[in-house]
Amino acid sequence: MAAGLVVMGCVKADRVRGWRESFNPSAPEIPDSAFVLARVVLFAMAGIGVYSAFQFMAVTADSEWSDDELSSAVSQATEEMDGTSRFGDIFGDDSGFDEEFATMIEEEIVENGGGGAPQDGVGASAAASNKPSDADYTVQAAGADAAFCVHVVRTPSKDGDYTPPGVAGGAGSVTVPNYDFAVTSREGEC
C-alpha cells in the first residue's frame, strides 16, 4: 500500500492534467502548488504506513516468547530461587504448596525474561506425583516450542522457624515453619 502511495506521488503533473482534461475538458487548471501539497500528503501517508507496519511487527514479536528468551529466563529464575527460604503454613497443611510454588516459578521467569520478553504467557504445571518435599514443574510459554523441567526440593530449615510472642508477652503457642529450597532445571518436560 505504501508503494502504491509513493507511485501516485511520483506521477508528473502534466500527465495528471492530461488525464483530467480528457475526462473533463471544461475543468479549471490545477495550480502547481496543489500537486506539491498532494505529493507531500501521499509521501507522508506512505511513511506513516511503513512506520506503522514496523511497529506492528515489533508488538507481535514482543507478545510471544522465543525459545532463547525462555531458556535464559528459566536459567536465571532457577539460580535466583535456589538456596532461598520461605515460611510455610502454620497449620502444617501442605495442600497449597504445588499452586504456590508454580505461581512463584511463573513470576520469577517473567521477571527474568528481560526487556524483549512478554510480561505474561508463562505456565508452570505441577507433576501428578509431586510431594511437598520433592516436586517437578513443566514450564512452557506462549510462542516458544521449548519446555523446561524445574525440580524443587523443600527441606525444613534447621533454625529458621519463627515463634511470635504470645498475647501476654510470653512465649507464643504457634510456630511458623521455615523451609529451604534447592531448585534445578533442565530442558524438556518432566
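Reply: Let us start with H151. Leaving aside neighbours within four places in sequence, H151 is in contact (heavy atoms within 4.5 Å) with D134, A135, D136, A182, V183 and T184.

Me: Where is H151 found?
Reply: H151 is found in strand β4. Helices (H or I, at least four residues) and strands (E, at least two) are DSSP runs, numbered from the N terminus.

Me: What is the relative accessible area of H151?
Reply: The value is 24%, so H151 counts as partly exposed. Buried means under 20% relative accessible area, exposed over 50%, and partly exposed in between, with a 1.4 Å probe and protein chains only.

Me: How far apart are the C-alpha atoms of H151 and Y137?
Reply: They are separated by 6.5 Å, with the two residues 14 apart along the chain.

Me: Before going on, what kind of model is this?
Reply: It is a predicted model, in which local features need pLDDT of at least 70 and side-chain atom pairs count only at pLDDT 80 or more, while totals for chains, interfaces and linings use all residues. Residues are numbered from 1 along each chain as its sequence is written, and side-chain values use heavy atoms, with hydrogens and water left out.

Me: What is the mean pLDDT of the protein?
Reply: The mean pLDDT (the predictor's confidence in each residue, from 0 to 100) is 86, and 94% of the residues reach 70 or more. Confidence is lowest in helix α3 (residues 32-62), at a mean of 82, and highest in strand β3 (residues 134-141), at 94.

Me: Now K158. Is K158 buried or exposed?
Reply: K158 counts as exposed because its relative accessibility is 84%. Its place is in the loop between β4 (148-156) and β5 (178-187). The C-alpha atoms of K158 and A128 are separated by 29 Å, and these residues are 30 apart along the chain.

Me: And the whole protein: how many helices and strands are there?
Reply: There are five helices and five strands. From the N terminus on, the order is α-α-α-α-β-α-β-β-β-β.

Me: Why is the protein described as more spread out than a compact globule?
Reply: Its radius of gyration is 32 Å, well over the 16 Å that the globule rule gives for 190 residues, so the protein is more spread out than a compact globule. The radius is taken over C-alpha atoms, and the rule is 2.2 Å times the number of residues to the power 0.38. Along its principal axes, the C-alpha trace spans about 105 × 45 × 25 Å.

Me: What share of the residues is buried?
Reply: Buried residues make up 27% of the 190.
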